[in-house]
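Subject: The structure I promised you

Hi,

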Amino acid sequence: MAEELKVLDRACLKIYELTMGACAASGGSRKKILKVGGQSAMPFLFEEGEIPHAPLIAAEVSDIVEDDCPFVLKNALKGLTDKPVDWAVEMMGEAGADLICLKLQGTHPDFGNKTSKEAVELVEGLLKKVETPLIVLGSGQADKDNDVLSAVSEATKGERLLFGDVVQENYKTLTAACIADGHNIIAESPIDVNIAKQLNILISDIGLPLDRIVINPTIGALGYGLEYAYSIMERARNAALAGDKMLAMPFICFVGQEAWRAKEAKVSESEWPGSGNADTRGIMWEVVTALAMLQAGADILTMRHPQAIRIVKKAIEDLMKR
Amino acid sequence: MALSGLDIYKLLPKTNCKKCGFQTCLAFAMQLAKKAIPLDKCPFVTPEVRAVLEQASQPAIRLVEIGSGEAKSSIGNETVLFRHEEKFHHPTAIGFILEDVLSESELNKAIEEINKCTFERVGQKIEVNLVALKETKSKDSKFINALKILLKKTTLGLVLMPKTTETLKTALEICASQKPLVYCSENSLLDSFATIAGNFRVPLAFRGSSVSELSSLTKKIVSRVPDIVLDVHSEKMSDYLWQLTQLRRLSIKKNERSVGFPTMVIADLTDEAASVVEASMFIAKYASIVLLKTRKPEYVLPLLTLRQNIFTDPQKPLQVEPAVYTIGAADDRSPVLITTNFSLTYYTVLGEIETSRIPSHLICVDTEGMSVLTAWAAEKFNAEKVADTLIKFKLEEKVRHKNLIIPGYVSMMSGDLEEKSGWKILVGPREAAGLPSYLKNL
Ligand code: SF4
């Protein structure tokens, strides 16, 4: 009898399933609960494991207007970038984002220095307008983030949001807040499997369950080091499926912020003859960055351009057909 | 797939007769495994064993060549499933499908557009590889005429997609020496196409809708045409991915010869963005050829860039030549910046300086391709190294000031560096993205 032509790689471990959002019955106010992870196969290989959840797209929204926002993006988000709540609602609507990733960049001491109170008000206002959970990011200034994010965490206690990022040098304050208030956390490591693992151990050591951690492997855009994160993610995911539970967390990839820093997404056609329509080029830069990350195992993509979100959302729907 | 010394030993006579010049059959087997000596040193190897050993020395996935001269594409011969395990060897050949109904001027225009799809990124030329010509109707075929135009206008590798054996024969009489890839679109014709392609010694591609179908068909034709390309097709994206993954796994892990060939995907959806989505997915995993319809640079450039990323050798980061680079119309008053020779770092910094439109000098230190922080940790980018580089590249003769801008990440070296070099050190931003505003406010 002919041997069947198939090689199956069976996983020994599933990726942790992480829940974002809590409804009224579980102590929050979210109407829509989102789940990621839970899979026991490499991306979209349905025949050899379970893949219970589709990857999610979170629209990146900021609390301040970026001064060097690429013109393609500026045109697409006209009239929205100075109104974060309207911006978020628009992205959840027609663009079809699954949730919002709010970056509190304006709390940075050098870029607006907004207070914790302002941040809390914004997040509370936003939660009233959307039914889904949120991703809330600090400004990257460690001390300020510890103040601001702890305050937001406390004010949204029980909502089961996703907060980020914690790094090896600064993880205790925010982790403690997320434990106390029932949220999830993003653990950031600089394109390094060992640091990712180490940080997850540190976080779980102080008491956060492993199914409340998301790994940010720190990606580069298409053409700007994308392949480093791509391979780190494949390595980590393979290790996780082979049984390493300290790497068995969903991945979040900050696609929008990286892709729109690329020259190819910023430069007009007149400045760069032969490079084609600048709008499409920028959108496709974000789209192709996102797709490569999906192939490497991304569970949450953060994105910016509404058209790029639409294209990737459709791609995910197609990829999830089994 | 290579056999180990022990595997080979099992196939030898095990008499230790020493005729091969070795003390034991095992010692001989070990040398054979390293390919250090030829098999015929042992006079007792049977023809059957010889066949097994020769088979095993073939690559798991056959290397197929399309085109000739500089534009030749080599595809296949991959050895791993994930690039971090070693590397991917042969970048996906990217090409465009043209239909023979196009008029001469339309064809010329199309080829012009295709020829423009060449770009430079991080010091490498990235370009498209193939032009496929598709016969649309067999009556009053314009295929041969169109082919003649293509042959005149492009040196890219050709993919011939004729509908009949007559067209195929005529076409190959004209261009077999260019080593085109023949594509069989109708599996009822596969048998005759295989014979013709084999006679002309050109590779053959055909479509199958499952791994087992592809496997059974290659078995039928491989003796006539050894260079085969498998066109994977499905109604569902995830099934494409599954088939491509299975083909790669079966050949590499199981040494399944009947599927040990390069693969191709035709991503010719009319929705251009959707075809880029497909192409991206399968450039990453695991198409050796991707054929597109859209020729617009805004769609093609991201795909070429993705291919460049995925097929970069993970062990060998791209490096640039250590030197002082002049950006814009820099003169002896322009600012001087310093960074490493890791190409990604260099080109990112270069891009941001260009964006700032401030003419500058950028010194690239030989850090053996390490990025700023890694090089700092490995002492390839410290005060001493930088001070030496300033002398080596004779910076004092190039500019009349002594101000040096260093990356924010290595601000810790500034005191030491001022002392060692005698230059005034200015600490720049940590990320290259901060350079335009930094330089403008200098
Ligand atoms: S000649 Fe052949 S049989 Fe004799 S020792 Fe060498 S390998 Fe063994």
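Is Glu113(B) buried, partly exposed or exposed? Glu113(B) is partly exposed, as its relative accessible area is 27%. Before I go on, keep in mind that this is a predicted model.

Glu113(B) has a salt-bridge partner, Lys109(B), and the closest N and O atoms of the two are 3.3 Å apart. Both residues sit in helix H4 (residues 104-115) of chain B, four residues apart, which is about one turn of the helix. Lys109(B) counts as exposed, at 53% relative accessibility.

Some go across from chain to chain. Take Glu234(A) and Lys285(B), whose closest N and O atoms are 3.0 Å apart. Glu234(A) lies in helix H7 (residues 226-241) of chain A, and Lys285(B) in the loop between helix H10 (272-284) and strand S12 (289-292) of chain B, so this pair joins two chains. Glu234(A) is buried at 1% relative accessibility, and Lys285(B) is buried too, at 6%.

Then there is Glu431(B) with Arg261(A), a salt bridge at 4.0 Å, N to O. This pair also joins two chains, because Glu431(B) is in a loop of chain B and Arg261(A) in a loop of chain A. Here Glu431(B) is partly exposed at 40%, and Arg261(A) is partly exposed at 34%.

Thr245(B) is in helix H9 (residues 237-254) of chain B and has a relative accessible area of 4%, so it is buried. Leaving out residues up to four places away in sequence, Thr245(B) touches Leu45(A), Leu81(B) and Tyr286(B). Asn341(B), in the loop between strand S14 (336-340) and helix H12 (343-356) of chain B, is buried with a relative accessible area of 0%. Among the residues that Asn341(B) touches are Leu318(B), Cys364(B) and Met370(B).

On the surface, Leu6(B), Leu26(B) and Met30(B) form a nonpolar patch with about 240 Å² of accessible area together. Leu26(B) is in helix H2 (residues 25-33) of chain B and is partly exposed at 32%.

Last, the ligand. Its surroundings include Pro13(B), Lys18(B), Cys20(B) and Phe44(B). By class, the shell has eight nonpolar, two polar and two charged residues.

Cheers

Methods
Residues are numbered from 1 along each chain as its sequence is written. Chains are lettered from A and ligands numbered from 1 in the order in which they are written. This is a predicted model: local features need pLDDT of at least 70, side-chain atom pairs count only at pLDDT 80 or more; totals for chains, interfaces and linings use all residues. Side-chain values use heavy atoms; hydrogens and water are left out. A residue is near a molecule or strand if one of its heavy atoms lies within 4 Å of it. Ala, Val, Leu, Ile, Met, Phe, Trp, Tyr, Cys and Pro count as nonpolar, Asp, Glu, Lys and Arg as charged, and the others, Gly among them, as polar. Buried means under 20% relative accessible area, exposed over 50%, partly exposed in between (1.4 Å probe, protein chains only). Contact means heavy atoms within 4.5 Å. Patches are made of residues with over 30% relative accessible area and no salt bridge: like charges are joined within 9 Å, nonpolar side chains (Val, Leu, Ile, Met, Phe, Trp, Tyr) within 5 Å. Accessible areas come from the Shrake-Rupley method with a 1.4 Å probe; for residues, only the protein chains shown count as cover. A salt bridge is a side-chain nitrogen of Lys or Arg within 4 Å of a carboxyl oxygen of Asp or Glu.
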